[in-house]
Each structure stands twice: as structure tokens, then as C-alpha cells.
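I opened my notebook to look up a few things in this structure and to write down each one with the cut-offs behind it.

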Amino acid sequence: MGRISGKLGGVYVPSEELNDGEAAWSELVDGDVTASADAVDFKVGTKSAKFVCAEGLGAGDIIATEAVGPVDLSGCNKIYLWIKSSVQLAAGDLQLLLDNTAQCASPLKTLDIPALAANT
């Protein structure tokens, strides 16, 4: 799903795949969200992590979290991921939270996702 890479003094740090999207996220899933692995609409591999959000999802709610193995991101300054939304979203409507605690209890970094056009 996402790759993080960084650049230190002109030398690129090897990219690290944090999640391949091949399984439904399950560490924490909001009660207004259905998480699944979608084998129909995907960009890389054979599936994508899919989240169907009900109208009851509140602003600031965490849609879902997934634990990844220990990884040192200290030399990284970019993240790449594919996101497709069925509705248009403004910049910051979605955020990517990076944390070293379960269920993103205390995010170390919050990254606003840019505006998204519907079905793109």
C-alpha cells in the first residue's frame, strides 16, 4: 500500500514497504467502518485494503489502523501510496497517522492527504 523512502546527503535510503494491502486491516476498525481486502479494485498485487465508511463516522475518527513490523523511518522524508475514494474529498479530510503505539494511540506524525476527486 505505501512505500517510504528518504534521501540522506544525495544517497537514497532503500524504500520500505509498510503494508501491501493484500489483507483487510484489523488492528482497530471504527464501528462505522467495514474493512476488507478488495480483489476487484486494486493497483498493485492482487488486492487492496478497502474501507467502507458509514454516515455515522465522525470528524476526527480513526477509520482503521494496522500494525507493521519495526522499521526505522528516521532517514525518510516521503511516503507513496495509492488512494481511491468514491466521493470527492478536500485536502486534509483524510490523514495518514504514523505512530509507534498500538491503534495510533498517540500519533508521532499526522500527514494530510491532498484533495481527491471521486473515483480517481
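**Notebook: charged pairs and the chain around them**

I began with Lys84, which is partly exposed at a relative accessible area of 48%; here buried means under 20% relative accessible area, exposed means over 50%, and partly exposed lies in between, with a 1.4 Å probe and protein chains only. Before going on I noted that this is a predicted model, in which local features need pLDDT of at least 70 and side-chain atom pairs count only at pLDDT 80 or more, while totals for chains, interfaces and linings use all residues. I also noted that residues are numbered from 1 along each chain as its sequence is written, and that side-chain values use heavy atoms, with hydrogens and water left out.

**Entry on the first pair**

Which residue forms a salt bridge with Lys84? I found that Asp41 does, with the closest N and O atoms 2.9 Å apart, a salt bridge being a side-chain nitrogen of Lys or Arg within 4 Å of a carboxyl oxygen of Asp or Glu. The pair links distant parts of the chain, since Asp41 sits in the loop between S4 and S5 and Lys84 in the loop between strand S7 (78-81) and strand S8 (95-98), 43 residues apart. Asp41 is itself partly exposed, at 35% relative accessibility.

**Entry on the second pair**

My search of the whole structure gave two salt bridges, and the other one I wrote down joins Lys50 to Asp38, with the closest N and O atoms 3.9 Å apart. Lys50 belongs to strand S5 (residues 48-53) and Asp38 to strand S4 (residues 33-38), so this pair ties together parts that are 12 residues apart in sequence.

**Entry on the whole chain**

I counted zero helices and nine strands in the protein chain, where helices (H or I, at least four residues) and strands (E, at least two) are DSSP runs numbered from the N terminus. Of the 120 residues of the protein chain, 18% count as buried. For contacts, meaning heavy atoms within 4.5 Å, I noted that residues 24 or more positions apart account for 52% of those with a separation of 6 or more.

**Entry on the cysteines**

How many disulfides does the structure hold? I found zero, a disulfide being a pair of cysteine sulfur atoms within 2.5 Å. Cys76 is partly exposed, with a relative accessible area of 21%, and Cys104 is buried, with 14%.
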